[in-house]
Amino acid sequence: MKSRRKTVLCWLLILPAVAPVVLAMVLVMIMAVSQSVGVFSFGEPGHFTLAYWDQVLSDAQLWRATGYSLKIGVISAILSVAIATPLALWLRKPFTGSSLMSGLLKAPLMVHGLVAALLFINLIAWQGFINLALIKMGIISRPLRMQNDQWGIGVIILQVWKQLPFALLIISGSVRSVGDEIFNAARNLGAGAISRLRQITLPLCINAVQVSLMLIFIGALGDFSFQVVAGPTNIFSISQYMLRLPETGDHGWNQAAVVAVILMLTAFVGALGIAALAKLIQVVWEAR
């Protein structure tokens, strides 16, 4: 009886914070879905139709944009977590300069994404710092084109730089929860750094890795600012494609709502896929 009362009390305490977020999400989803099927339209009476879905799904640009955004999201998430995990192990115990290093690694949290993209452009632009430095040192004779590369490497670099602190914060907490006696016992048994990472750290911190992958993937999938400033010019991201549709015709807002629903579904399915993959890896490690 007491445990039930505590559970109810906990829900009542978090309700004021959770309810507005959940309500806003539900309202946005309902509006996007209703607009995508014509129930809600600007400037004309609403009526149910799947014509907007047919128009958008038959557009090849949608699938190119979705594939490109998925590539950016998956690569950014994997690289961010792959870099954050050894950094979390390195910063697990305090040492001289560890606080400064931790602060520098978390500095991107204080920088807006658009500002970071503009700073990055100043580095890699035709007359940017890197090209000017290479020319001054005599390494190259003319500037290299690094801005708006066709593979989206600049966008991935920005995503990793911006998302790394989130992964580091989540994984660091999980790593620090692992007792020293476990690492000491593994070290005494001859396990090297790679073995400890593969057989101890990752299996015990798989939930934190899973959450980090999901959050970074969702954020990178729908990113707009990095893609606009530093992304390739020969392909759109799914967010760019969605924002262009309202300018294409009278029913552009309805078509944009279709893409919004597709983006939400892609993020949801992708996050579930990442969660399932992380769980499978955990099961395989436990079986060993």
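About 380 Å³ of space lies in the second largest pocket of this predicted model. A pocket is here an open set of points, on a 1 Å grid over the protein atoms alone, with protein on both sides within 12 Å along at least five of seven lines, and its lining residues have an atom within 4 Å of a point. Grid points are joined across faces, edges and corners, and a volume is the space filled by probe spheres set on the points. The second largest pocket is lined by 18 residues, of which Ile78, Val81, Val209, Leu213 and Ile281 are the closest to its centre. At least two lining residues come from each of helix 3, helix 9 (193–204), helix 10 and helix 13, and helix 3 provides the largest share, seven residues. By class, this lining comprises 16 nonpolar, two polar and no charged residues; Ala, Val, Leu, Ile, Met, Phe, Trp, Tyr, Cys and Pro count as nonpolar, Asp, Glu, Lys and Arg as charged, and the others, Gly among them, as polar.

The model is a prediction in which local features need pLDDT of at least 70 and side-chain atom pairs count only at pLDDT 80 or more, whereas totals for chains, interfaces and linings use all residues. Residues are numbered from 1 along each chain as its sequence is written, and side-chain values use heavy atoms, with hydrogens and water left out.

The largest pocket has a volume of about 540 Å³. Val28, Ala32, Ala260, Val261 and Met264 are the closest to its centre among the 22 residues that line it. Helix 1 (2–36), helix 12 and helix 13 each contribute at least two residues to this lining, with helix 13 giving the most, 11 residues. The lining of the largest pocket consists of 21 nonpolar residues, one polar residue and no charged residues.

A cavity is a set of grid points where a 1.4 Å probe fits but cannot get out, and one cavity of 30 Å³ or more is found in the whole structure. The largest cavity has a volume of about 50 Å³. Its lining is formed by Tyr68, Ser69, Ile72, Val155, Gln159, Ala220, Leu221, Asp223, Gln227 and Ser237. Five residues of the cavity lining are nonpolar, four are polar and one is charged.

The secondary structure comprises 13 helices and zero strands; helices (H or I, at least four residues) and strands (E, at least two) are DSSP runs, numbered from the N terminus. The C-alpha atoms fill a box of roughly 75 × 75 × 35 Å along the principal axes. Of the 288 residues, 40% are buried, where buried means under 20% relative accessible area, exposed over 50%, and partly exposed in between (1.4 Å probe, protein chains only). The protein exposes about 17100 Å², and carbon and sulfur atoms supply 71% of this area; accessible areas come from the Shrake-Rupley method with a 1.4 Å probe, and for residues only the protein chains shown count as cover. Among contacts (heavy atoms within 4.5 Å) with a separation of 6 or more, 71% join residues 24 or more positions apart.

A nonpolar core is a set of buried Ala, Val, Leu, Ile, Met, Phe, Trp, Tyr and Cys residues joined through side-chain atoms within 4.5 Å. The largest such core has 43 residues, and Val56, Val81, Ile171, Tyr241, Val259 and Ile262 touch the most other members. At least two of its residues come from each of helix 2 (51–57), helix 3 (60–90), helix 7 (153–176), helix 8 (180–188), helix 10 (206–221), helix 12 (238–244) and helix 13 (252–287). Helix 13 gives the most to this core, nine residues. Beyond its neighbours within four places in sequence, Ile262 is in contact with Trp53, Val56, Leu57, Leu62 and Ile238. Another core, of 16 residues, lies apart from the largest one and includes Ile72, Ala117, Ile124 and Val229.

Two individual residues complete the description. Gln255 is found in helix 13 and counts as buried because its relative accessibility is 14%. Leaving out residues up to four places away in sequence, Gln255 touches Gln55, Val56, Leu245 and Thr248. Val33 is found in helix 1 and is partly exposed, with a relative accessible area of 42%. Val33 and Ala125 are 92 residues apart in sequence, and their C-alpha atoms are 41 Å apart in space.
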